[in-house]
Amino acid sequence: MEPQIRTLVDIAGSKADLHGRADMMLERARWAGQIFQRYDRNATMAIVDAVAKAAHANAGKYADWAVEETGFGVAAHKKLKNELASTGLVEFYRNDDYVNPRIDAAAKMVKLPRPAGVVFALTPSTNPVATLYYKVLLALMTRNAIVISPHPAARACCVDAAHTLMAAARAAGAPDAIIQIVEEPNIPLIEEFMASPKTSVILATGGNAVVRAAYSSSNPAIGVGPGNAPVYVDPSADIDKAARRIVDGKSFDNSVLCTNESVVLTLPEVDKQLRRSMQAAGAYFCEPDETERLRSLLFHPRGFNVECVGRDAVLIAEDAGIRVPEKTRILVTPIDQIGVEERLSKEKLCPVLAYHVAKNRTQALSHARAILRMTGAGHSAAIHANDPSVIMAYGNAVEAYRIVVNSPCSQGAAGFGTNLAPTFTVGTGYFGRSSIGENVGPQHLVHWSRIAYSTEADVKFGNFENLGPNFEGPLPTAPSDGVPGSAAPRRPVPSAAFSNGNAASPLSDAARDELRRLIAEELRAVLKER
């Protein structure tokens, strides 16, 4: 590891100090969560609405800040994402009740909500504030406490955004410490949070290494996999509309959403028309030598060039030595084959779109399936067609849990312009080696205890109407760490397990190495820009 990166990682301090810092925040969160679980639905939704309103009001501010701090994406598009992840998200789930018991008299059953407790949420650099908004609101809708660990490259905007939401929550009556953020994140500290028994669930959004580390932490985790969406344009489609939607999707926020279009597949009979229509919508089709320049710029032996993530198409073209019109929205690279040997058929978090003409429909569907099996299994795919039989055949062929029809894939798979749930954590299911295949929502942060009566006819089901939770006894004692009403703040005392040199590492060596490698590479890119 380079000295400058090593310094950033090693400033964390001693292991005992790290454990104490994590333990203090998690203990405050656990206390806040226990208090929050006594709130009824009206009080809970009052807090949710206040936080969503504050988030929406600051959507533009944090969009500008995120682009300035990270260099990724388009501010106007990030503003839209921030708005979707605030009031838009809450309205989608408005009628879903995660607070009151669910009574099923016919089944003679009562379901009692059981919030997870303390959610430890990792947020990425590509969609930093939208993901923070989204995860905070999921936690609040289900009466969970949340501790956020922002990506180091987007730390400042996330910390400020978290404090804005904290203030709104407290003003609406939420317990103090129901929302917290790690203001100086580093790898060893993240390890402590992920491995702590006081963490109830890890909600991980980020690169493969971060997600694998979450799954290896010994705590329950909800993670996602990479995208690599194939887009099939069938002759039955409205070609002009399909072209515009594809360019709109690929250019949205400079393609930093993992749901972005990766490879367009089409057939010879519509190839020329599709190219013309995409060019009219702002696409630049590269010549063979230009495609090779982009291939060399975007991919190196260690993988994708992170310096190209979320950058404007014109700037990427300039770096590759390609002259394009100033209003170019995306760069299109025609390719002759699909597979691991063609790097451009892999995921690209930038406005560069691969384009392949298949011999026939059967081959196009086979290529779409191959693209997802190579990278992006279980994630997303799109089709532009008006023949239901073709759409059904495509849906059956691709191993994806979101198949977007006649809509931009970037937005549609994430809940923009479709009736899919708004999300910034996309489950990839069994295809993608994940536990969840749908768009992650509040339902994934609450489980249900079931009171089940005998099915015998002479066993009568009771009347449970208007019977809410009964919390008897005193309130939980607040930790002595500065929570209002508690004793004076004190430095936490680390447990014996972390006060000697023989303590086992919280994460496996492999998981730690993966986490270090990912964040170090991204930090290296950030430091080069600065």
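Trainee: Let's start with Thr328. Which residues does Thr328 touch, not counting residues up to four places away in sequence?

Mentor: In this predicted model, Thr328 touches Gly282, Tyr284, Ala313 and Val314. Thr328 itself lies in the loop between helix H13 (313-319) and S13.

Trainee: How far apart are the C-alpha atoms of Thr328 and Ala317?

Mentor: They are separated by 9.7 Å, and the two residues are 11 residues apart along the chain.

Trainee: Now Tyr430, please. What makes Tyr430 count as buried or exposed?

Mentor: Exposed means over 50% relative accessible area. Tyr430 has 72%, so Tyr430 counts as exposed. You will find Tyr430 in the loop between helix H16 (409-412) and strand S17 (446-452). Together with Tyr401 and Phe431, Tyr430 makes a nonpolar surface patch of about 360 Å².

Trainee: How do you know which strands are the edge strands of the open sheet?

Mentor: Look at the order first. The open sheet has seven strands, S10-S13-S14-S9-S8-S15-S16, with parallel pairing. Strand S10 (283-285) and strand S16 (400-405) are the edge strands, as each pairs on one side only. On average, neighbouring strands of this sheet are turned by 25° against each other, direction ignored.

Trainee: What makes S9 and S14 a pair?

Mentor: Two strands pair if there are at least two bridges between them. Strand S9 (residues 261-266) and strand S14 (residues 352-357) have four bridges, in the parallel sense. Within these strands, Thr266 stands opposite Val357 in S14.

Trainee: Which helix packs on the sheet and touches S9?

Mentor: Helix H11 (residues 268-280) does, touching strand S8 (229-233), S9, S10, strand S13 (330-334) and S14. The direction of H11 makes about 160° with that of S14. Helix H12 (residues 288-298) also packs on the sheet, touching S10, S13 and S14. The direction of H12 makes about 110° with that of S13.

Trainee: And why is strand S3 called mostly covered?

Mentor: Five of the five residues in S3 (residues 118-122) are buried. In a regular strand the side chains alternate between the two faces of the sheet. In S3, Val118, Phe120 and Leu122 are buried on one side, and Val119 and Ala121 on the other.

Trainee: What joins S3 to S4?

Mentor: Five bridges join S3 to strand S4 (residues 145-149), and the two run parallel. Ala121 has Ile148 as its bridge partner in S4.

Key: Residues are numbered from 1 along each chain as its sequence is written. This is a predicted model: local features need pLDDT of at least 70, side-chain atom pairs count only at pLDDT 80 or more; totals for chains, interfaces and linings use all residues. Side-chain values use heavy atoms; hydrogens and water are left out. Patches are made of residues with over 30% relative accessible area and no salt bridge: like charges are joined within 9 Å, nonpolar side chains (Val, Leu, Ile, Met, Phe, Trp, Tyr) within 5 Å. Accessible areas come from the Shrake-Rupley method with a 1.4 Å probe; for residues, only the protein chains shown count as cover. A salt bridge is a side-chain nitrogen of Lys or Arg within 4 Å of a carboxyl oxygen of Asp or Glu. Buried means under 20% relative accessible area, exposed over 50%, partly exposed in between (1.4 Å probe, protein chains only). Axes are lines fitted to C-alpha atoms, for helices over the stretch in contact, and angles run from 0 to 180 degrees between N-to-C directions. Contact means heavy atoms within 4.5 Å.
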